[in-house]
Amino acid sequence: MAQPTIASRIDFQPTGRALPYIPAPVDRHPENIAAELGLAEGVTLDQLCAALPAVVDQAMRTALPGHYSREVAERIAAGMIARLRQRYEDKPSACQYRDCEDTEPGHYDHYNHRLRVTGEDGSTILDAGMAALSGSEAGAVVYVRNEEFTDAAAVRAKTAEIRQLLDEADAMADRVFADHKARG
Ligand SMILES: [Zn+2]
């Protein structure tokens, strides 16, 4: 009976909930526009953009009457709106986990299952990977085969053992095939 693998245990459905310790950068929250511009709380980017054309139109009539035309006022307002939206709206950004395989913008579940050594038949001899899932209490995890680790020191302690095993396998191979040849 095969043991359930790490991959099968961590490939569950995303919950859609953000990891609590990885908040989006503050300047990407559209609602922070009010605080930054010194407006009353609760003014959204959409409300501000909706108000801008009339505000610019009125301001131009008052301050630059000699240069006013409805078209010019509209063009100025459109430029301001475009710059505001560029500044404040959520934009797809690279994942904060450099090893994450998920390329979907704004994803919540991060993983990499690519590190793998396979045998002749394609079955896995050794694999390692990472996961940081939105529904997980464990936080970020790096696994080697069926063993999960929650910090780099623990990973290194186990991979040191694996390296030693591989060195011993090499040495054993040298002995076994030399002995076999000597036996004739
Ligand atoms: Zn990711």
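This is a predicted model: local features need pLDDT of at least 70, side-chain atom pairs count only at pLDDT 80 or more; totals for chains, interfaces and linings use all residues.

Q: What do β1 and β2 form, and how many residues lie between them?

A: β1 and β2 form a hairpin, with five residues between the two strands. In the turn, G122 has a positive phi of about 90 degrees.

Q: In which sense do β1 and β2 pair, and over how many bridges?

A: The pairing of β1 with β2, residues 124-132, is antiparallel and extends over seven bridges. Another residue of interest here is Y111, which stands opposite A131 in β2.

Q: And which residue is the bridge partner of A131 in β3?

A: That partner is V141.

Q: Moving on, how many bridges join β3 to β4?

A: Three bridges join them, and β3 and β4 run antiparallel. Within this pair of strands, Y143 stands opposite E148 in β4.

Q: What about the hairpin there: which residue takes a positive phi?

A: In the hairpin of β3 and β4, with two residues between the strands, R145 takes a positive phi near 55 degrees. R145 is a residue other than glycine with a positive phi value.

Q: Why does R145 count as partly exposed?

A: R145 has 16 C-beta neighbours inside 10 Å, so it counts as partly exposed. For comparison with the cut-offs, a residue is buried at 20 or more such neighbours and exposed at 12 or fewer.

Q: Taking the strands together, in what order do they form the sheet?

A: The four strands form an open sheet in the order β1-β2-β3-β4, with antiparallel pairing. β1 (110-118) and β4 (147-149) stand at the edges with a single partner strand each, so one side of each is left without a neighbour in the sheet. On average, neighbouring strands of this sheet are turned by 15 degrees against each other, direction ignored.

Q: Which helix packs on the sheet, and which strands does it touch?

A: Helix α5, residues 152-183, packs on the sheet and touches β3 (140-144) and β4. The direction of α5 makes about 140 degrees with that of β4.

Q: How far does α5 reach from its first C-alpha to its last?

A: α5 has 32 residues and reaches 46 Å, close to the 46 Å expected at 1.5 Å a residue. The helix is followed by G184, whose phi is positive, near 85 degrees.

Q: How many residues of α5 are buried?

A: The count is zero among its 32 residues, and α5 is hardly covered. Over the chain, 10% of the 184 residues count as buried.

Q: A change of topic: how do the elements run from the N terminus on?

A: They run α-α-α-α-β-β-β-β-α, and the chain has five helices and four strands. Of the contacts with a separation of 6 or more, 38% come from residues 24 or more positions apart.

Q: Finally, what is the mean pLDDT, and where does pLDDT stay under 50?

A: The chain has a mean pLDDT of 81, with 76% of its residues at 70 or more. Over residues 1-24, pLDDT stays under 50, and the model has 27 contacts beyond four places in sequence for that stretch.

Methods:
Residues are numbered from 1 along each chain as its sequence is written. pLDDT is the predictor's confidence in each residue, from 0 to 100. Two residues are in contact if their C-beta atoms, placed from the backbone, lie within 7 Å. Two strands pair if DSSP finds at least two bridges between them. Axes are lines fitted to C-alpha atoms, for helices over the stretch in contact, and angles run from 0 to 180 degrees between N-to-C directions. The expected span of a helix is 1.5 Å times one less than its number of residues.
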